[in-house]
Amino acid sequence: MKNIWILCKRELSSYFATPIAYVFIVVFLLISSLATYYIGNFFARGQADLVPFFSFHPWLYMLFVPAISMRLWSEERKSGTIELLFTLPITAWEAICGKYLAALIFTALALSLTCPLWIAVNYLGSPDNGVILASYIGSLLMAGGFLAIGAAISALTKNQVIAFVLTLIACLALNLLGFPVFVDQLRAVAPGLLIDTISSFSFLTNFDTISRGLLDVRSMIYFATLIIVCLFANAVIIEAKKAD
């Protein structure tokens, strides 16, 4: 655990060693706010809640999380520091967990800075804060799922752009599995049970359940399982690349 935390702090420091992290956070906050107030018609709805804000999160993460995860292993492999990393008294699992935890903490920091929106809706009305809290938890779980996918893909290539594009495609696919238009098209050619099963693997479907204020066990297990599976795949890829 000590090694994981040491590596996590190292990774977090590297995020803020350049202005990129600050630019990322500012852009994330700006786009999420604009999407909430303008695209989501926050004021026109006449309701003091954060439904418009959270409804854009699956799509925001689809764009922003690959930008965070693409460097996790691609940069290490390109610069050759991955060999140096594994000469240290640290296991592959500790390295994977440390890097992943750092990326998750960075994402959580960006998400936590949106709390003024929560304060604003409480000033404007009387929202259901339990639903908002559940939505924040679901949002972080979803971000964790995106990050785990991105980490595994980042380990596959030395090119950060390729890692970004592949992660974006994977995240888009998992969003579209639960997108109403896509699901309706599939229902015309496939049995309803099959469509429901496919839809249950979507980020949209599972996040929508949690964002209603229900910390549904099935959705939480889905995200937890996805993260564990992707981190395991990350470990398998790292070990295979070490043998190259």
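These are my notebook entries on what I looked up in this predicted model.

**Ground rules**

I number residues from 1 along each chain as its sequence is written. Because the model is predicted, local features need pLDDT of at least 70 and side-chain atom pairs count only at pLDDT 80 or more, while totals for chains, interfaces and linings use all residues; side-chain values use heavy atoms, with hydrogens and water left out.

**Entry 1: the overall look**

I began with the secondary structure and found 15 helices and zero strands. For the record, helices (H or I, at least four residues) and strands (E, at least two) are DSSP runs, numbered from the N terminus.

Next I checked burial: 44% of the 244 residues count as buried. My cut-offs are under 20% relative accessible area for buried, over 50% for exposed, and partly exposed in between, using a 1.4 Å probe and protein chains only.

Then I looked up contacts, meaning heavy atoms within 4.5 Å. Of the contacts with a separation of 6 or more, 77% are between residues 24 or more positions apart.

The protein exposes about 12300 Å², and carbon and sulfur atoms supply 73% of that. The areas come from the Shrake-Rupley method with a 1.4 Å probe; for residues, only the protein chains shown count as cover.

**Entry 2: the cavity**

On a 1 Å grid over the protein atoms alone, a cavity is a set of points where a 1.4 Å probe fits but cannot get out; a pocket is an open set with protein on both sides within 12 Å along at least five of seven lines, and lining residues have an atom within 4 Å of a point. Grid points are joined across faces, edges and corners, and a volume is the space filled by probe spheres set on the points.

The whole structure has one cavity of 30 Å³ or more. About 50 Å³ of space lies in the largest cavity. Its lining includes Phe24, Phe28, Tyr61 and Phe64. Helix 2 (20–39), helix 5 (57–69) and helix 8 (92–112) each give at least two lining residues, and helix 5 gives the most, with four.

I sorted that lining into eight nonpolar, one polar and no charged residues. In this scheme Ala, Val, Leu, Ile, Met, Phe, Trp, Tyr, Cys and Pro are nonpolar, Asp, Glu, Lys and Arg are charged, and the others, Gly among them, are polar.

The largest pocket holds about 470 Å³ of space. I found 22 residues lining the largest pocket, with Val51, Phe54, Ser55, Asp208 and Ser211 nearest its centre. Helix 4 (51–55), helix 5, helix 10 (129–154) and helix 14 (203–211) are the elements that give two or more residues to this lining. Helix 14 has the largest share, six residues. By class, the lining of the largest pocket has twelve nonpolar, six polar and four charged residues.

The second largest pocket comes to about 250 Å³. Of its 13 lining residues, Tyr15, Ile20, Ala21, Ala67 and Arg71 are closest to its centre. Helix 2 gives the most to the lining of the second largest pocket, with three residues.

**Entry 3: cysteines**

How many disulfides are there? I counted zero, taking a disulfide as a pair of cysteine sulfur atoms within 2.5 Å. Cys230 counts as buried because its relative accessibility is 12%. Cys97, at 24%, counts as partly exposed.

Phe16 sits in the loop between helix 1 and helix 2. With a relative accessible area of 28%, Phe16 is partly exposed. The C-alpha atoms of Phe16 and Phe106 are 9.7 Å apart, although 90 residues separate the two along the chain. Leaving out residues up to four places away in sequence, Phe16 touches Ala21, Tyr22, Ile25, Phe106 and Leu109.

Is Asn234 buried or exposed? I found it buried, with a relative accessible area of 0%. Asn234 lies in helix 15 (residues 217–242). Beyond its neighbours within four places in sequence, Asn234 is in contact with Trp73, Ile96, Ala151, Ala152 and Ala155.

Leu63 is in helix 5 and, at 46% relative accessibility, is partly exposed. Leu63 touches Phe164 and Leu168, not counting residues up to four places away in sequence.
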